[in-house]
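Dear colleague,

I am handing over a structure that you have not worked with before, and I would be glad if you looked through it alongside the notes below.

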Amino acid sequence: MKQLTIAERYLLLAHILSTVFGLAGLLIVLPNPEIIVSLPPIGQTAFQWSMAGGGATYIIFGALAVALYGIRNLGIGTTLAFMLPSVFLSLSSELLGTSTGFPFGDYAYLSGLGYKIAGLVPFTIPLSWFYMGFVCYLLARCGLQVNSSSSWIRHVGAIATGAILLTAWDLVLDPAMSQAPFPFWVFQDEGSFFGMPYRNLVGWVGTGAIYMTVAALLWGKKTILLSRQELNLPLITYLVNFTFGATITVVALDSRFLLPTGLSVVLGVVPAIILWWISEANRLRQMDISVENVVTGDGEKLSGKQVDMAIK
């Protein structure tokens, strides 16, 4: 378990550093080609390699870090119960979208994100749906105190909250990746919402909600109790990916894009931090309830003090 923790932390660090290098390349080096020319041959080659695979690398590091986090904290079965639906359903949605325009609008991926499945969708895209969807849903589920006795309304609330957090991230991701000087995908027709069609946002909410619902059904009544400290990685991952998109959107695009960036903060960053913060109180409250409900084999209910003495 200690080895998993170490590997998870190194992968998260690699994810963060790769986003920083990506930002430096996109915002500083590429707009100033004289920097590239001034590099020695080996430096130019290294830069070409980093730009060719940098977009895929940061996604892979993020997916691996989150996968190890899930295995360590929730178990491999629970993690796979989210990973598989998120990867395959998001890939299906992306293949449908790039082929027909539904549900995201007419768009196409360019180069820089890795091998394209069926020549349409980079293999890293479903991985990003997995790891960002996972951290969004986990923050929502823990923050809203979903447990084995929760009503279906609370379960639906966690799914809806997770899907909104995910879509809020896209408010800065899509402008950064499709309208900046060095795009990774393009919309065929300029949409009404800052270059994006409104149905793109509907597609994001719908796709996220669908695979989160499938994962929630597979998780069943499993109670997930994670402390604030244990939710650090999900929150950090969310904030790092928001910062990546927001930085490009604010720096490389005009002032109009401050509005979607602000909406992303209000609908994504602020709720994510609040959910992370209140998860600690919810966890302690749930533990108190669990202790209060402990009974003996004879059906006699034990007090919290008796449980503490038994544990000691």
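This is a predicted model: local features need pLDDT of at least 70, side-chain atom pairs count only at pLDDT 80 or more; totals for chains, interfaces and linings use all residues.

In one of them, the side chain of Arg-72 meets that of Glu-8, with 2.8 Å from N to O. This pair links distant parts of the chain, since Arg-72 belongs to helix H3 (residues 41–74) and Glu-8 to helix H1 (residues 2–29), 64 residues apart. Glu-8 counts as buried because its relative accessibility is 5%, which falls under the 20% cut-off, whereas Arg-72, at 26%, counts as partly exposed.

Another salt bridge joins the side chains of Asp-106 and Arg-199, at 4.0 Å from N to O. Asp-106 sits in the loop between helix H4 (76–100) and strand E1 (107–109), while Arg-199 is in helix H7 (residues 198–219), so the pair ties together parts that are 93 residues apart in sequence. Asp-106 is partly exposed, with a relative accessible area of 32%, and Arg-199 is likewise partly exposed, with 40%.

The remaining salt bridge is formed by Arg-256 with Asp-254, whose closest N and O atoms are 3.1 Å apart. Arg-256 has a relative accessible area of 48% and is therefore partly exposed, and Asp-254, at 39% relative accessibility, also counts as partly exposed.

Terms used: Residues are numbered from 1 along each chain as its sequence is written. Side-chain values use heavy atoms; hydrogens and water are left out. Helices (H or I, at least four residues) and strands (E, at least two) are DSSP runs, numbered from the N terminus. Buried means under 20% relative accessible area, exposed over 50%, partly exposed in between (1.4 Å probe, protein chains only).
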